[in-house]
Amino acid sequence: MLAKILIGLVAAIHVYILWLEMFAWTTRGPKVFKNFPAHLFPATRSLAANQGLYNGFLAAGLVWSLLIGDPQWQHNVGLFFLSCVAVAGIYGTVTADKKIFFTQALPALLGIGALLIQKYV
């Protein structure tokens, strides 16, 4: 049950990121990404929307994993999408902002841990 809650949490985070990057980049974005110069938000709107779309795909994959009936496939798909989020979060931590580790990578890593404990313990 913990693994499913964490998968749902990670999916919700990525739905929020989708909304922020696709629909609120120039309004809410400057308040969230304070290190990014405000004058660049309008110029990078389409780039952010593209990133938001990818975050939406991650959220869709995580939600899909919760809807799969076969436990083995549910585990595999959940593990795959959580791993994608963890890798993206770690890359973002190294290249962009250390806070990304706590908002994206850590929840995904906790979900991976919960899935592995559920399967092997």
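Buried means under 20% relative accessible area, exposed over 50%, and partly exposed in between, with a 1.4 Å probe and protein chains only. The structure is a predicted model, in which local features need pLDDT of at least 70, side-chain atom pairs count only at pLDDT 80 or more, and totals for chains, interfaces and linings use all residues. Residues are numbered from 1 along each chain as its sequence is written, and side-chain values use heavy atoms, with hydrogens and water left out.

**Exercise 1. State how many helices and strands the protein has, and describe its overall extent.**

Step 1. Helices (H or I, at least four residues) and strands (E, at least two) are DSSP runs numbered from the N terminus. The protein has 5 helices and 0 strands, in the order α-α-α-α-α along the sequence.

Step 2. A box of roughly 50 × 25 × 15 Å along the principal axes holds the C-alpha atoms. Of the 121 residues, 36% are buried.

**Exercise 2. Classify the packing of α3 against α4.**

Step 1. Axes are lines fitted to C-alpha atoms, for helices over the stretch in contact, and angles run from 0 to 180 degrees between N-to-C directions. For α3 (residues 45–67) and α4 (residues 71–95), the angle is about 155° and the axes are 8 Å apart. Helix α3 is therefore roughly antiparallel to α4 (under 35 degrees counts as roughly parallel, over 145 as roughly antiparallel, 65 to 115 as roughly perpendicular, the rest as oblique).

Step 2. The α3 and α4 crossing is left-handed, a term for a near helix turned anticlockwise from the far one by less than a right angle (clockwise is right-handed).

Step 3. With contact meaning heavy atoms within 4.5 Å, the residues of α3 that meet α4 include Phe57, Leu58 and Trp64, while those on the α4 side include Val77, Phe81 and Val85. The residues of this contact comprise 10 nonpolar, 4 polar and no charged. Here Ala, Val, Leu, Ile, Met, Phe, Trp, Tyr, Cys and Pro count as nonpolar, Asp, Glu, Lys and Arg as charged, and the others, Gly among them, as polar.

**Exercise 3. Determine which residues are linked by ring pairs into a cluster, and describe two of the pairs.**

Step 1. Rings of Phe, Tyr and Trp (its six-membered ring) pair if their centres lie within 6.5 Å; planes under 30 degrees apart count as stacked, over 60 as edge-to-face and the rest as tilted. The whole structure contains 8 aromatic pairs.

Step 2. Trp25 and Phe41 form a tilted pair, 4.8 Å centre to centre with 50° between the planes. Trp25 sits in the loop between α1 (2–23) and α2 (29–32), and Phe41 in the loop between α2 and α3, 16 residues apart.

Step 3. Phe36 and Phe41 pair edge-to-face at 5.0 Å centre to centre and 90° between the planes. Phe36 counts as partly exposed because its relative accessibility is 31%, whereas Phe41, at 1%, counts as buried.

Step 4. The cluster consists of Trp25, Phe33, Phe36 and Phe41.
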